[in-house]
Amino acid sequence: MGKTRLLVVEDDAGMQKQLRWCLDGYDVVVAGDRDSALVQVRRHMPPVVTLDLGLPPNPDGASEGLATLQQIHALAPDTKVIILSGNQQRANALKAVAMGAYDFQQKPFDAATLGLVIARACKLHEMQQENRRMLQIAAESPLAGIVSRDPAMLALCRGVEKVAPTSATVMLLGESGSGKELVARALHQMSARHERRFVAINCAAIPADLLESELFGHEKGAFTGAGQQTLGKIEMADGGTFFLDEIGDMALPLQAKLLRFLQERVIERIGGRSEIAVDVRVVCATHQDLAAMVRDGRFREDLMYRLREIVLAIPPLRSRSGDRALLAHHFRNRYCRSENRPLMVFAPEALAAIEAYEWPGNVRELENCIKRAVIMSDGPHIGADDLGLPGVAHAAAPVNLRQVRDAAEYKVMVMALARSDGNIVKAADLLGVSRPTLYDLMHHHGVKPQPAT
Ligand SMILES: Nc1ncnc2c1ncn2[C@@H]1O[C@H](COP(=O)(O)OP(=O)(O)OP(=O)(O)O)[C@@H](O)[C@H]1O
């Protein structure tokens with residue numbers, strides 16, 4: 001990989017030389033005034049620019065430098081500008097930061113510090129570029145609402161496009177949380193039925209004795225508690241799409257009734273005497289092995305064949321290449337927006353942890369994890385610890401002695417304060433330290449003394 005390009009805007013030849021020397025890890029381009037600086041920005045779009053505020057024709061003031069800063073921002077909003085200013089120009093340097101400069105360093109600058117600040121600015125720029133790329137990719141999702149770049153998922157999306165306009169009954173296979181309902185909705189959205197209702201029912205979530213009435217509806221007085229006529233979900237979906245989730249959990253007697261509906265396309269409400277024709281497209285889903293259930297006598301073979309005119313299998317998240325990070329960014333964007341938080345950036349370790357985890361709960365688990373991290377993390381970054389993934393805490397456990405000591409100190413101090421009910425003298429005794437030492441410790445860890453009650 002080539003060196004990162006840096007633009008140094010500086011009119012003093014000696015200083016130019018010094019900067020070139022201390023930034024030899026970068027591909028340094030130099031400009032001596034505003035016009036040539038803007039030419040170089042247009043040409044190279046550098047991630048980072050160092051800017052001397054005193055530029056000709058006003059080398060002793062800051063007006064030319066500040067104007068250059070403004071124009072660089074207009075041309076390249078992501079470019080990080082680091083102000084290099086003389087001692088007397090501190091106020092102007094702060095003004096530049098208020099105008100959006102990334103940071104400032106005073107001359108004579110310390111090479112190591114400047115190097116660190118530039119490296120950090122480059123890193124931030126890189127993350128923002130990555131972020132833009134992810135936003136772009138998310139916007140180009142293969143089907144509305146479905147985010148993926150995995151070849152098997154893209155093939156599935158092409159399958160959805162083909163099947164959606166037909167009347168075929170579709171069976172979706174996939175683990176829990178892998179997106180079965182999302183695909184069912186896509187089938188509906190892309191069909192001629194999309195202006196009518198999409199009605200979903202989860203056979204596993206409704207007690208067996210209530211499921212029949214939920215599906216087919218009932219007449220007033222059909223059974224105790226049936227105070228009024230109620231339409232079933234199948235009838236409600238008339239003209240639209242009916243999605244039966246967890247079909248493997250349907251009891252055998254009801255399976256017979258569903259089969260009859262699929263054959264005749266009429267329903268009878270419980271307690272009703274007439275047959276009602278209903279026109280729905282049926283989509284069902286399961287994470288179970290229906291063929292094995294047929295062998296065990298728990299699922300009707302004829303119903304299984306009726307339901308699976310077309311089978312679409314949704315791969316688990318762990319087998320999709322690249323989708324973990326892609327979806328993590330997608331949900332980060334969504335939840336930063338809905339929770340009114342500025343756009344956060346994933347720390348590289350957080351992305352590594354997301355890539356390494358198996359996600360047994362699939363996309364739903366990932367979505368919940370990112371939502372929690374967006375809500376819980378402080379500051380502009382989502383770190384690996386914010387994700388709360390098993391195994392990550394261990395991987396990220398500090399080995400730095402000061403950090404470990406600090407954490408232990410904090411733990412035992414809080415414990416002593418709790419045991420002594422906030423009494424500083426007693427807590428100091430328990431800890432075997434003097435009162436001032438305990439105060440120092442509390443101050444160091446940001447723990448305030450408990451107010452007297
Ligand atoms: N490829 C994807 N792109 C964007 N969001 C997705 C994707 N797959 C799933 N989701 C989201 O993940 C969550 C779970 O998806 P969904 O409810 O469709 O899964 P499911 O397989 O039907 O789950 P279950 O088997 O538990 O009913 C939903 O919020 C859904 O919007």
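Me: Why is Glu-214 called partly exposed?

Reply: This is a predicted model, in which local features need pLDDT of at least 70, side-chain atom pairs count only at pLDDT 80 or more, and totals for chains, interfaces and linings use all residues. Residues are numbered from 1 along each chain as its sequence is written. A residue is buried if 20 or more other C-beta atoms (placed from the backbone) lie within 10 Å of its own, exposed if 12 or fewer, and partly exposed in between. Glu-214 has 16 within 10 Å, so it is partly exposed.

Me: Which residues does Glu-214 touch, leaving out those up to four places away in sequence?

Reply: Glu-214 touches Ile-201, Ile-206, Gly-232 and Lys-233; contact requires C-beta atoms, placed from the backbone, within 7 Å.

Me: What makes helix α7 mostly covered?

Reply: Of its 10 residues, 7 are buried. Among them are Val-183, Ala-184 and Leu-187. Helices are DSSP runs of H or I with at least four residues, strands are runs of E with at least two, and both are numbered from the N terminus. The cover over the buried residues of α7 includes helix α6 and strand β6.

Methods: Contact = placed C-beta atoms within 7 Å.
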